[in-house]
Amino acid sequence: MHEGIAGTGVVGVLHCGDGLSYGLRADMDALPIQETTGLSYQSVHDGVMHACGHDGHTAMLLGAARHLAQNPPPRGVLHFIFQPAEEGEAGAQAMIDDGLLERFPMRAIFGLHNHPGLAARQFATREGALLAAFDSFHIEVRGKGCHAAFPEQGVDPIVAAANIVLALQNLASREVEATKPLALGVTKFHAGDAINAYPSTALIEGCLRYFDTAVGAHIAARIPEIAAAVAAAGRATANCIYKSLYPPLVNHAAETAIAISAAKEAAGVDNVLAQTNPAMGSEDFAYFLRALPGNYMLIGAGNGPATPPCELHSPHYDFNDDILVLGARYWAALARRLLETPS
Ligand SMILES: [Zn+2]
Ligand SMILES: [Zn+2]
């Protein structure tokens, strides 16, 4: 076992014999959310909870690792990768930057995440883009503060910023091919302190999701242009900081076919959605899939209308323990198929 990769990352290595090497990855970080489930096993750390089920992912991969160590495949090497900081901090890229792929060479890598919107016992994935890229923007609009009774003496950054918000809405509808998905919006707008004074600055922040990197490049160029031009029309100025956070998650064909066959073995052929719809959410496993072939699989966590809500990132979220064994069975089936496939 190897610890301290990208801070708290851990890699367990199972040498079964000469042969190809593969990576199986579980994320393990929690979220800054106060748990309100009231369960006997709820988080004992105030303001921190496993609201995305990464503790469940870790348990499933550990279960598979124990089973495979006791019943090793005839050849090959398995790297059990326990990754920190999946939630918005690109822990996958941090592990790559810390030499993960040089220290533990692997031919392909696989990920698994629980999905409350999918029935328990079901699996879902797809070849190609499954999850979207994630970028953010931060615009500071600068005017000139003044008394609210004498607006002509200042430059109102609030009206200028409001016009920027409206102008940005046209990007998706007028500048991107209608067949290419783009979710773009302003999610923060902060300005002003006093009811009788115009402030000097207004702050706008937001994010976008897309699949096509050319769409992302276009938006990255256009947001600063639009912000500057609309601010200038209102005699204000705008300074834009644009960040590309996560790339799109794109599953590779051959590895996805193997993952689907393993899921069918674990759950039955009728319980695997092999061509599920892409979703506009994002996931930092995308960094691994940019560096290596691989597949990202969803396992249903069962959130029917009759059950209490357990959406990811909710303070009420409770990982569905009924899928623990199925998840471990998927990992074990996948490992066997990978290591038994002739190189
Ligand atoms: Zn997660
Ligand atoms: Zn999450």
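Here is a short tour of the model, from its domains down to one residue.

This is a predicted model, where local features need pLDDT of at least 70 and side-chain atom pairs count only at pLDDT 80 or more, while totals for chains, interfaces and linings use all residues. Residues are numbered from 1 along each chain as its sequence is written, with chains lettered from A and ligands numbered from 1 in the order in which they are written.

**The two domains.** Colour 2-130 plus 248-340 as domain 1 and 133-246 as domain 2; the bounds come from an automatic or database domain assignment. Their centres, taken over C-alpha atoms, are 37 Å apart. Seven residues on the domain 1 side are in contact with seven of domain 2 (contact: C-beta atoms, placed from the backbone, within 7 Å).

**A helix pair.** Now pick helix 4 (157-174) and helix 5 (213-233), which pack at about 145° with axes 9 Å apart. Helices are DSSP runs of H or I, at least four residues, and strands are runs of E, at least two, numbered from the N terminus. Axes are lines fitted to C-alpha atoms over the stretch in contact, and angles run from 0 to 180 degrees between N-to-C directions.

**Ala191.** Last stop: zoom in on Ala191 in strand 10 (182-191). Ala191 counts as partly exposed because 18 C-beta neighbours lie inside 10 Å (buried is 20 or more, exposed 12 or fewer, partly exposed in between, with C-beta atoms placed from the backbone). Leaving out residues up to four places away in sequence, Ala191 touches Pro157, Ile158 and Leu203, among others. Ile158 is 33 residues away along the chain, with 6.8 Å between the C-alpha atoms.

How values were computed
Two residues are in contact if their C-beta atoms, placed from the backbone, lie within 7 Å.
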